[in-house]
Amino acid sequence: MAQASSVYPPLEDRPAKETICLFDVDQTLTPARRAASPQMLQLLSALRHKCAIGYVGGSDLIKQQEQLGTPAINVTSLFDFCFAENGLTAFRLGQPLASASFIGWLGEDKYKQLVNFCLRYISEIDCPVKRGTFVEFRNGMINISPIGRNATVQERQDFNKFDEEHKIREKFVAALKEKFSDFGLTFSIGGQISFDVFPTGWDKTYCLQHLEHEKEISGVNYKTIHFFGDKTHKGGNDYEIYEDSRTIGHAVNAPEDTMKAVRELFAL
């Protein structure tokens with residue numbers, strides 16, 4: 001996978017040029033918040049010779065660089081399309097596309113109301129441990145974590161099991177929906193320890209508009225969009241794009257499932 005984008009055929013010359021594969025990151029390309037395996041990266045490289053590939057994740061580009069790139073290789077060179085924060089920060093063939101701002105859309109006053117409520121709510125949650133970074137501000141959204149994003153891998157796994165039993169995030173989201181019903185926000189649970197908050201319509205389907213614009217750039221019309229993700233249930237952060245009429249959804253539970261599905265679909 002450690003190849004420069006120039007070694008791949010141009011988008012319009014790929015054998016399946018009207019097909020693109022889009023991947024969620026955590027539990028689809030990588031274990032949650034950990035690095036992709038060499039085997040996964042090799043498979044993606046082989047796939048990129050057949051069709052366009054991209055990822056769409058809720059996290060910011062820095063975290064995706066940590067998981068998918070290397071100190072010497074920029075993640076934006078390893079995929080044709082990189083959609084951080086659901087595509088609100090986007091790259092095509094290593095070049096940035098137009099971005100959108102959550103704080104600009106919501107406004108400072110409403111943002112403070114939202115964050116203050118979240119911090120008060122988190123202060124009253126009783127969970128096994130609490131760490132740091134409970135509210136992470138991103139360009140196109142905020143990410144809320146009851147345990148804190150500084151939790152270790154083991155602490156994340158322990159909280160995920162605790163959350164499955166006690167529905168901490170589900171109850172938190174329900175409280176936010178009730179309190180801020182007039183803010184026009186969507187609350188989307190993803191990963192092991194957190195959920196995203198963003199304007200309605202800024203879910204992962206937001207990235208599809210960038211793909212639709214491709215026919216104006218290279219003449220390629222993506223008629224077949226395969227999407228692979230793990231949080232495809234209602235309320236999960238892959239649900240909207242998985243169910244969208246423009247995509248063919250593939251539900252997976254781990255990177256191994258993704259690799260198996262890709263190999264079967266593309267005879268790799």
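Q: How many cavities of 30 Å³ or more does the count come to?
A: Rolling a probe the size of a water molecule over the atoms shows where empty space is left. A cavity is a set of points, on a 1 Å grid over the protein atoms alone, where a 1.4 Å probe fits but cannot get out. By this rule, the count is one cavity of 30 Å³ or more. The model is predicted: local features need pLDDT of at least 70, side-chain atom pairs pLDDT 80 or more, while totals for chains, interfaces and linings use all residues. Residues are numbered from 1 along each chain as its sequence is written, and side-chain values use heavy atoms, without hydrogens and water.

Q: Which residues are the closest to the centre of the largest cavity?
A: Lining residues have an atom within 4 Å of a point. The largest cavity holds about 270 Å³, the space filled by probe spheres set on points joined across faces, edges and corners. Of its 26 lining residues, Asp26, Ser59, Gly190, Gly191 and Asn237 are the closest to the centre.

Q: What is the volume of the largest pocket?
A: A pocket is an open set with protein on both sides within 12 Å along at least five of seven lines. The largest has about 540 Å³. Of its 23 lining residues, Ile189, His233, Lys234, Gly235 and Gly236 are the closest to its centre.

Q: Which element supplies the largest share of the lining of the largest pocket?
A: Helices (H or I, at least four residues) and strands (E, at least two) are DSSP runs, numbered from the N terminus. In the largest pocket, α6 gives the largest share, five residues. α5 (153-166), α6 (168-179), β8 (185-190) and α9 (239-243) each supply at least two.
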